[in-house]
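Hi everyone, thanks for coming.

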Amino acid sequence: MSKSVEQLDQVVIRIAGDSGDGMQLTGDRFTQETAVFGNDLATFPNFPAEIRAPQGTLAGVSSFQLHFADHDILTPGDRPDVLVAMNPAALKANIGDLPKGATLIVDTHDFTTRALARVGWPSNPLEDGTLEGFNVHAVDLTQLTLDALSGSELSRKDAGRSKNMFALGLLSWMYSRPTEGTINFVRTKFANKPEIAEANITAFKAGWNFGETTEAFGVSYEVKPATVAKGTYRNISGNLALAYGLIAASQRSGLPLFLGAYPITPASDILHELSKHKRFGVRTFQAEDEIAGIGAALGAAFGGALAVTTSSGPGIALKGETIGLAVSLELPLVICDIQRGGPSTGLPTKTEQSDLLQAMYGRNGEAPVPIVAPQSPGDCFDAAVEAARIALTYRTPVFLLSDGYIANGSEPWAVPSVDDLPDLRVEFATAPNGDGANGGPEGSYLPYLRDAETLARPWAVPGTPGLEHRIGGIEKADRTGNISYDPDNHDFMTRTRQAKVDGIANSLPPLQVDDPDGDARVLVLGWGSTYGPIGAACRQVRESGASIAQAHLRHLNPFPNDLGEILKRYDRVVIPEMNLGQLAQLIRAKYLVDALSVTQVRGLPFKADELAEMLRGVIEHG
């Protein structure tokens, strides 16, 4: 049977089912093949916090959304064009996000009276008109999988677990995805369980063949590869890019990388990844708790390593005292906070940007810490290198604020040339620096004698002869590092530590403003993972004929030197954030700008079309 192939410029697909039924694996495999094909893409995994959430319930639904296109895109999409729902709960949890006319592929196997009642449906939505207006394909995917595996030695239960691979095969046929990579992946993943590997491959091929032969699907679709700059590309998630960035910084600095961490969602993947790279001089320490993790990292910094600790908001709260100690000791330390919904345990697997003020002020005393924030999964690499640059150059702890949306999402990433990465080499103190005129006797070592440009103090590896010095959290005397309770000295040291952080702004490039026509009166200012939704919303606004400007902050402490002047150019500044207005509060306080704060704390990223509608209203009405 000959079937037609339609060309599309972009598609948003969401796959949803029970947590533990392989929705994330299915989405990841489709993403990998899409990346190989050459489409631009963005993903949004969304799953419960429980290891095995209640089966067949709304709380137990896991989903994976993928937006792929033949052109540059910025977000995983607001609303799916295609929803694959593997049970009633998956359908009910996601149906509200579908636009009319969207395609629904529904596994009918579990649409029993009991399963429908569990999610609050009094009747079968496949039969009562609930799905009117959608293009519905009601198919018993589970039974088709069981039929395909009827000749295997697997139990009925085990065979049914391959239904996600059947769905993947069907989607791969529908959108002309390559298949060989998935088959090789399955064989590798289940190398120790060949019967499971072959069952999954059989189910995958059966799904493809079903699409090819059934009359239910008369059309397949093709989204051509995107036009991108020349280079080597790979699909990468935020946490993976961050880990690679830390390794690159270690190599470019010539320092061993040490990670002291305690597992916590959504930061744990960084620990998992870095533990694989001992050949690059990486050492990972899974500590017994958050405090031990950062304590070990700070000790490694004292010992001359590029030191890193990773966590999320709850762990950062526990690390606060040791971060203050790092400020006092003036040692380089990269603190990766992969933010999630809070407070307390909050929403472990959902996204939020609510740790900004914690990073700014969450320590006792005047303890300034620079803050860097990536804007996308691939940008985590560059943000990690930048955080390391600041930490090593200025001898200070540095916050890297990512979040769950960036950490778990993925996009194509152009692998950079090593020669294009900054030189991060560090000169350790190797000899006494006292000369009799700078506060120390000839031949003495002054651990707090500062570099005139950066105000960084020297970094001496323990055991270097003649460079013995005191460490600890009690205030140090200027230059000598002796314990000091002198009021004037404390005032001087406090102001000097602040001046050191403020001075980082002098090393930052000018803030880039996207204002194509140059006549916009409204500026949208963002930070972190709001970059994609804000950028997509600004594109929609411009396509409707209005002018709007966008700027996005990587450096949140200190702000770029030119930020104040940029803000003055615009009549209105709008700041969308996934918190209750934390950046807006900082901007208002520092620049006295009456910024319009647009906030949401739903555990989900902004929708671009909702932002665009709001921005058009601001432009029209001020």
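**Aromatic pairs in the core and beyond**

Let's begin with phenylalanine 68 and tyrosine 175, which are both buried (under 20% relative accessible area with a 1.4 Å probe, protein chains only; over 50% would be exposed, and in between partly exposed). A word on what you see: this is a predicted model, where local features need pLDDT of at least 70, side-chain atom pairs count only at pLDDT 80 or more, and totals for chains, interfaces and linings use all residues. Residues are numbered from 1 along each chain as its sequence is written, and side-chain values use heavy atoms, with hydrogens and water left out.

Next, the rings. Rings of Phe, Tyr and Trp (its six-membered ring) pair if their centres lie within 6.5 Å; planes under 30 degrees apart are stacked, over 60 edge-to-face, and the rest tilted. That rule gives 9 aromatic pairs. In one of them, phenylalanine 68 and tyrosine 175 have ring centres 6.0 Å apart and planes at 90°, so this pair is edge-to-face. Phenylalanine 68 sits in strand E4 (residues 61-69), while tyrosine 175 is in the loop between helices H6 (163-174) and H7 (180-189), 107 residues apart. Helices (H or I, at least four residues) and strands (E, at least two) are DSSP runs, numbered from the N terminus.

How is the pair of phenylalanine 381 and tryptophan 413 arranged? That one is tilted, with 5.1 Å centre to centre and 50° between the planes. Both phenylalanine 381 and tryptophan 413 are buried.

Finally, ring pairs join Phe30, Phe68, Tyr175 and Tyr221 into a cluster.
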